[in-house]
Amino acid sequence: MKHITHIIGGKPTTGSGSLVSPVFNPATGEQVADVTLASAEDVTTAVTNAKSAFESWASTPPAKRARVMFRLRDILEARADEVARTISAEHGKTHDDALGEVTRALEVVEYACGIPELLKGDFSRDVGPGIDCFSDRQPLGVVAGVTPFNFPAMVPLWMIPMAIACGNTFVLKPSERDPSSANLVHDLFAAAGLPDGVLNVVHGDKTAVDALLDHRDIQAVSFVGSTPVAEYIYARGTASGKRVQALGGAKNHMVILPDADLDQAADALMGAGFGSAGERCMAVSVAVPVGTETADKLVEKLAPQVRALKIGPSTDPDAEMGPVITRAAQTHIESLIAKGEQEGAKVVVDGRGYQLQGYEDGYWLGGTLLDDITPDMTVYREEIFGPVLSVLRADSYDQAVSLINDHEYGNGTALFTRDGDAARDFANRIQVGMVGVNVPIPVPVAYHSFGGWKRSIFGAHGIYGPEAIHFYTRLKTITSRWPTGIRAGAEFTFPSMG
Ligand code: NAD
């Protein structure tokens with residue numbers, strides 16, 4: 001069986017930790033690997049390696065750092081299929097979906113190729129007699145990333161290219177549920193010529209994460225995962241003086257106004273609700289049709305499509321949706337559907353107990369459609385993170401807006417309409433970080449930044465794009481006087497150039 005190790009200072013190592021965690025193929029339920037879990041000492045070894053690599057990497061000219069990104073870009077494109085297969089083998093998502101993940105990661109690498117331009121500072125000449133002023137953004141040092149299972153290559157690549165292009169060195173702690181992609185990402189960077197120690201991968205659980213959060217040589221932590229863990233990471237990381245960005249969970253609503261193209265809206269809901277088995281932080285999990293007629297027509301269009309979803313392993317080119325990540329996730333999602341039913345939701349299509357011939361031990365769920373849900377129900381309040389689409393019927397547009405604004409999460413949302421006034425009003429009033437108008441999953445492109453509002457994020461910065469430059473660097477402003485011979489005598493008042 002495959003044994004997945006850490007990669008520290010460019011070398012695979014099992015470290016000193018005695019614990020391992022099993023890794024499964026979710027389509028078959030078979031164990032395909034085990035992964036070493038880091039001890040606190042292993043984390044220290046990784047941080048020490050990253051710290052030793054920092055000085056030389058930070059002083060490497062940005063144009064040379066960019067060349068690594070250009071090479072990585074080409075390697076990632078050439079090996080996209082291999083990366084996608086590695087993702088699917090442990091995550092279970094379809095091959096095309098995994099390829100989509102690689103493409104979005106590639107776009108972040110392409111943005112990082114422009115790092116010399118992005119790091120360019122400001123200069124002001126003659127701010128006083130013989131005095132010039134310039135400001136510059138400098139790297140922080142060693143930074144860490146802690147990432148979730150659902151995008152095992154893309155989320156690490158939201159962070160690493162930007163952090164290291166800025167001149168930092170990096171320690172990644174990926175999800176222990178699908179860890180192989182992180183090691184492959186490391187190998188792609190190595191193939192692109194990244195010096196050893198600039199990127200280190202430690203696998204592990206809470207022990208490893210706590211060791212990173214408490215380590216005095218880690219300057220910043222980027223986290224993506226569930227909200228309770230994000231909140232914990234933010235509190236513990238900032239308590240030890242670190243800069244922290246922690247992106248959490250979501251409950252994304254899509255509002256459908258009576259004037260919307262309902263066929264287009266139903267297609268959008270199918271892809272955004274059931275793609276990747278609903279295991280996306282930008283998945284649409286709540287459809288909010290406005291008015292009874294819109295709701296009835298929408299449910300009528302959705303129900304047969306949900307029943308007809310093509311479910312299969314990633315090796316099936318016709319599959320639209322794969323299994324969920326673990327047996328525990330499958331059981332949890334089924335119990336939430338049951339809870340919804342008990343609390344009064346109408347189960348229009350029931351995905352519980354789904355079986356796929358030849359894959360009886362896999363973690364399967366059929367698509368589930370719930371109607372008549374209300375804001376007090378558990379299925380509405382909690383993130384389900386599975387192939388379950390709930391329909392919450394709103395009487396009016398204003399009620400739909402209030403509903404979204406009152407929800408604890410604020411990651412993504414969408415409005416489907418042909419009414420420009422409504423669309424503009426929605427974009428202005430909605431208390432959510434990423435908004436789509438007739439776009440169901442409005443994940444920003446790599447040259448904008450990604451980030452939710454409310455309890456979908458802790459910390460001031462979004463991830464990748466221009467926000468990443470601010471997060472992974474600190475500002476230095478230098479005021480200098482040349483020539484030195486200008487003598488004004490001692491000045492005891494507060495200096496001004498007037
Ligand atoms: P998770 O929070 O369980 O795990 C994320 C990471 O934190 C993993 O590396 C894990 O090992 C570590 N971790 C887990 N429990 C911990 C603890 N108690 N202390 C310290 N570290 C701990 O998340 P997941 O199940 O892997 O991923 C799914 C979640 O991630 C969903 O809630 C989803 O919405 C969210 N997510 C959010 C975004 C976003 O951009 N906002 C993107 C992707 C996923």
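# Pockets, cavities and the ligand site

Author: In this predicted model, the largest pocket holds about 940 Å³ of space.

Reader: Which residues lie closest to the centre of the largest pocket?

Author: Phe149, Arg177, Gly225, Ser226 and Val229 are the closest to its centre. The lining of the largest pocket has 45 residues.

Reader: Which elements give two or more residues to that lining?

Author: Helix H6 (154–165), H8, E11, H9 and helix H12 (327–342) do. H9 supplies the largest share, five residues.

Reader: And how do the residues of the lining of the largest pocket divide?

Author: Into 23 nonpolar, twelve polar and ten charged.

Reader: OK, the ligand. Where is the space taken by the ligand?

Author: The ligand takes the space of the largest pocket.

Reader: How many residues surround the ligand, and which are the closest?

Author: 27 residues surround the ligand. Thr147, Lys173, Glu176, Ser226 and Glu383 are the closest.

Reader: What classes are in the shell around the ligand?

Author: The shell has 14 nonpolar, eight polar and five charged residues.

Reader: What about the backbone of Phe149?

Author: There, a backbone N or O atom lies 3.0 Å from an oxygen atom of the ligand. Gly225 also has a polar backbone atom 3.3 Å from a ligand oxygen atom.

Reader: How much of the ligand does the protein bury?

Author: The protein buries 89% of the 840 Å² that the ligand exposes when taken alone.

Reader: Changing topic. How much space lies in the second largest pocket?

Author: About 240 Å³. The second largest pocket is lined by 13 residues. Nearest its centre lie Arg104, Phe151, Arg280, Ile441 and Val443.

Reader: Which elements give two or more residues to the lining of the second largest pocket?

Author: Helix H4 (95–112) and H6. H4 gives the most, four residues.

Reader: What is the lining of the second largest pocket by class?

Author: Eight nonpolar, one polar and four charged residues.

Reader: Now cavities. How many of 30 Å³ or more does a search of the whole structure find?

Author: The search finds three cavities. About 110 Å³ of space lies in the largest cavity. Of the 16 residues that line the largest cavity, Gly278, Arg280, Ala283, Ser285 and Phe385 are the closest to its centre.

Reader: How does the lining of the largest cavity divide?

Author: It has seven nonpolar, five polar and four charged residues.

Reader: What volume has the second largest cavity?

Author: About 60 Å³. Its lining residues include Gly10, His186, Phe189 and Asp196. Pro195 and Gly197 are also among them.

Reader: Where does the largest share of that lining come from?

Author: From helix H7 (residues 180–191), with three residues.

Reader: And by class, what does the lining of the second largest cavity have?

Author: Six nonpolar, three polar and one charged.

How values were computed:
Residues numbered from 1 in each chain as written. Predicted model: local features only at pLDDT ≥ 70, side-chain atom pairs only at ≥ 80, totals over all residues. Heavy atoms only, no water. Near = heavy atom within 4 Å. Polar contact = N/O pair within 3.5 Å; in protein donor to acceptor, adjacent residues only side chain to side chain. Areas by Shrake-Rupley, 256 points an atom, 1.4 Å probe, with all protein chains shown as cover. 1 Å grid on protein atoms, 1.4 Å probe; cavity = no way out; pocket = protein on both sides within 12 Å on 5 of 7 lines; lining within 4 Å. Sits in = over half its atoms within 2 Å of the grid points. Nonpolar A, V, L, I, M, F, W, Y, C, P; charged D, E, K, R; others polar. Points joined across faces, edges and corners; volume = space filled by probe spheres on them.
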